[in-house]
Amino acid sequence: MTPQSPAGQTTTDWSLLERIGRKDEEALSALYDRYGGLVFSAAKRILRDTGAAEEILQDLFFHVWRTPEKFDRARGSLAGWLLVAARNRAISKLRRRDGASEELDENGVAFRVNVERHAAQNRIADKVREVMANLPDNQREAVECAYFGGITYSEIANKTGEPLVAVKTGIGSAMAALKKVVR
Amino acid sequence: MSGGEHIRGDELQLLAVGALPEPEAAAMQAHVCDCSECGTNLAEARGIAALLSFAVKQDRAAGTVKAELMARMRANRKSEERNAWPRKVVHEPDAMPRGRKPRTSWWTWGLSAAALVLALVSFGLSWQNRRIAAELQTERKSAERLIHDREQIEKYVGVLAAPDTITVKLAGTEELSKASGVVRFNAKAGVVLYAADLPKLAPDKSYQVWLVPANGEPMSVGLLGPGGRAWGNMWAGEVAPNMNAKGFVMTVEAVGGVAQPTGPQVLVGEE
């Protein structure tokens, strides 16, 4: 359920994060309810392992609990950060490496859509699925292989038999199509 | 991208989607750290790439995952509270609706009581531990004293029982005419001295016993009194092996003794 303020408005991610900074368990519980499904589903898609995906889910939210001050509001969106962090951790796990070294600067994720409500998440999900469904197969495969498979454009080229340039262009086109979702 | 140039948009997209090989990705990351414009563009590209997560069939983790997470958080919070020093008082006026009293669960009281009991038990054990340590120290000192006494007695017996031990009687000098002593000397086993009616010395003084050889300078055989080894009025000293003694002298010297006699003689005796 989406947590709401007394006035009926949805509690913002940053407000929850502020409360998490004061060790408010209910705030983290609300954040988990808001994005836990997305994070878990993304990790499971990459790992194809429920247990490993659950591990990432729990570790990620525990990380938020322990270091809420690490998230800089000026540098991007918390939802975007959670999704990118989940993806990076899952890819690291997939490569059997230590997830901690794969943190990158995930704070820098500019997410131009507000997905604080589950209804908004469903709307975005519908749009993204529609965009993906309309992509040419080679473009969809290229961007999915990179994002969910953690493989490089040259590896994708080897796998699909497409020229390198075509793979790069395909990923670029897919990203351009996705960009329309947030416009 | 090269030098101070910005990273092209298509390259940032590849980076955001995770399609670049590690060396290229690392080089771009390094550039992005120093270039705010590329950093902003990369953040945008990552936001677009993150949308891909919405395309995934949505699923929910088992309920136990959240329960475990909450338990982990509570344990972490308690651990942080335990380790915090000085304790931070956190006021949370907005964390709870007004008019609602903070809830104190029964286990909070239970834990507080358990903590109090543990603290009392800990204090009791600590006190007992200190008492036992003090007793042990006393016993250890007592044992050391007994060992020392036994060694002294063995030395006396060794000297007194040896058939070739000689006896030298010591007489008090003019100022201490009442004082007297007996030296039992064995060139192999050492010296035993019995002294009587010696006056008590100042704390910075000791009686020093000297063996006077047939030839040469007197040799110190030990101290009696502060800083020296004494057992009642008996005393045992050691001498260099096979020394021939012409006589013995006792002088008053500074605590710790001196190399050659300098102070007044109190007992003197010759074989």
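User: At what angle do helix α1 and helix α3 of chain B pack?

Analyst: This is a predicted model, and in it α1 (residues 9-17) and α3 (residues 36-50) of chain B pack at about 50°. Their axes are 8 Å apart. That angle makes α1(B) oblique to α3(B).

User: Which hand is the crossing of α1(B) and α3(B), left or right?

Analyst: α1(B) passes α3(B) in a right-handed crossing.

User: And which residues meet there?

Analyst: From α1(B), they are B:G9, B:L12, B:Q13, B:L15, B:A16 and B:V17. On the α3(B) side they are B:N41, B:L42, B:A45, B:R46, B:I48 and B:A49. By class, this contact of α1(B) with α3(B) has eight nonpolar residues, three polar and one charged.

User: Switching to chain A. How do the axes of α1(A) and α2(A) cross?

Analyst: Helix α1 (residues 13-21) of chain A crosses α2(A) at roughly 140°, and the two axes come within 7 Å. The two helices are therefore oblique to each other. Here α1(A) passes α2(A) in a left-handed crossing.

User: What makes that contact?

Analyst: A:L16, A:R19 and A:I20 of α1(A), with A:A27, A:L28, A:A30 and A:L31 of α2(A). Those residues divide into six nonpolar, no polar and one charged.

User: Now the core. Which residues touch the most other members of the largest nonpolar core?

Analyst: A:V39 and A:I171, in a core of 78 residues. Helix α2 (residues 25-47) of chain A gives the largest share of this core, twelve residues.

User: What does A:V39 contact, leaving aside its neighbours within four places in sequence?

Analyst: A:V39 is in contact with A:L57, A:L60, A:L82, A:L83 and A:A86.

User: Which residues does the second core include?

Analyst: The second, separate core has 25 residues, including B:A189, B:L193, B:L223 and B:F248.

User: Last topic, the two chains together. How many residues are in contact?

Analyst: 43 residues of chain B are in contact with 56 residues of chain A. On the chain B side, the elements that give two or more residues are α1, α3, α4 (52-55) and α5 (63-83).

User: Which of them gives the largest share?

Analyst: α3(B), with ten residues.

Definitions and conventions:
Residues numbered from 1 in each chain as written. Chains lettered and ligands numbered in written order. Predicted model: local features only at pLDDT ≥ 70, side-chain atom pairs only at ≥ 80, totals over all residues. Axes fitted to C-alpha atoms, helices over the stretch in contact; angles between N-to-C directions. Helix = DSSP H or I, 4+ residues; strand = E, 2+ residues; numbered from the N terminus. Parallel < 35°, antiparallel > 145°, perpendicular 65-115°, else oblique. Left-handed = near helix turned anticlockwise from the far one by under 90°. Contact = placed C-beta atoms within 7 Å. Nonpolar A, V, L, I, M, F, W, Y, C, P; charged D, E, K, R; others polar. Core = buried A, V, L, I, M, F, W, Y, C linked by C-beta atoms within 7 Å. Buried ≥ 20, exposed ≤ 12 C-beta atoms within 10 Å, placed from the backbone.
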